[in-house]
Amino acid sequence: MFIGICGSICAGKRTIARYLVDHHGFTQLYLEPRTPSETDAAVDSIALSSHSSLSTSGSSSRQQVFSSPDELLEFITKNWRERWVTTDIPNEGILDMYTRRPFFLLISVDAPLTRSNCMKRRVGIKIAQVGIEEVVYSQGYSMDGETAAVFRQAGVRLRQFVPPANGLIHLEKPEQHT
């Protein structure tokens, strides 16, 4: 059996693949990283792209890397009775190649709430990395526990902006007007 997992960024593709490896005896298959020109050519199919890093916590012996989708497919075809999983489906053409095999199953994952938290966490990490000390917001600002921990560790303060009752905001330095 060969399972391909696709979905949006931070939808949980790698988590599902890791679960199949850790609990059901699957081996994770990867494609070697693409060159920048190949990545640029695949920008239109970003929804299908789920290129993973080669690290799989606790599963490093249950993975194989292939230089091309054709090489991966040739290997899978010869070993179709074993359990294989990949999150590397870089475009629709590759997906079409895989779906022509009767032992292929595609799982499409989308988890908008997780994605939202994941994106907030990424932004939170970038805020901490560039040294921003204070985040000022005007509407409600919610975040998951991991993002809050990143802010605490980096010393980033959150402050809600509340406009004055008269609606006037003086942008000059107050000491210049005294």
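Close-up 1. F66 is buried, with a relative accessible area of 6%, where buried means under 20% relative accessible area, exposed over 50% and partly exposed in between, using a 1.4 Å probe and protein chains only. This is a predicted model, in which local features need pLDDT of at least 70 and side-chain atom pairs count only at pLDDT 80 or more, while totals for chains, interfaces and linings use all residues. Residues are numbered from 1 along each chain as its sequence is written, and side-chain values use heavy atoms, with hydrogens and water left out. F75 counts as partly exposed at 22% relative accessibility. The structure holds 6 aromatic pairs; rings of Phe, Tyr and Trp (its six-membered ring) pair if their centres lie within 6.5 Å, and planes under 30 degrees apart count as stacked, over 60 as edge-to-face and the rest as tilted. F66 and F75 form one that is tilted, at 5.2 Å centre to centre and with 45° between the planes.

**Close-up 2. The ring cluster around F2.** F2, Y98 and F104 are linked into a cluster by ring pairs. Between F2 and Y98 the pair is edge-to-face, with 5.1 Å centre to centre and 75° between the planes. Because F2 lies in strand β1 and Y98 in helix α4, this pair ties together parts that are 96 residues apart in sequence; helices (H or I, at least four residues) and strands (E, at least two) are DSSP runs, numbered from the N terminus. F2 is buried, with a relative accessible area of 0%, and Y98 also counts as buried, at 0% relative accessibility.

**Close-up 3. The largest nonpolar core.** A nonpolar core is a set of buried Ala, Val, Leu, Ile, Met, Phe, Trp, Tyr and Cys residues joined through side-chain atoms within 4.5 Å. In soluble globular proteins, nonpolar side chains tend to be buried together. Of the 15 residues in the largest core here, F2, L29, L72, I76 and Y98 touch the most other members. Two or more residues come from each of β1 (2-7), β2 (27-31), α3 (69-78) and α4 (92-99). A second, separate core of 9 residues includes I3, L20, V21 and V109.

Close-up 4. The buried residues of α3 are P69, L72, L73 and I76. They cover an arc of only 95° around the axis, and therefore lie on the same side of α3; the arc is that of the directions from the helix axis to the C-beta atoms. These buried residues pack against β1, β2, β3 (63-66), β4 (84-86) and α4. The face of α3 turned away from the buried side carries the exposed residues D70 and K78.

**Close-up 5. L106 in strand β5.** L106 has its place in strand β5 (residues 104-109) and is partly exposed, with a relative accessible area of 34%. When residues up to four places away in sequence are not counted, L106 touches G4, C6, I89 and L95, contact meaning heavy atoms within 4.5 Å. L106 and F2 are 104 residues apart in sequence and 8.6 Å apart in space, C-alpha to C-alpha.

**Close-up 6. G145 in helix α6.** G145 lies in helix α6 (residues 145-154) and counts as exposed, at 55% relative accessibility. From C-alpha to C-alpha, G145 and R121 are 9.4 Å apart in space, and they are 24 residues apart in sequence.
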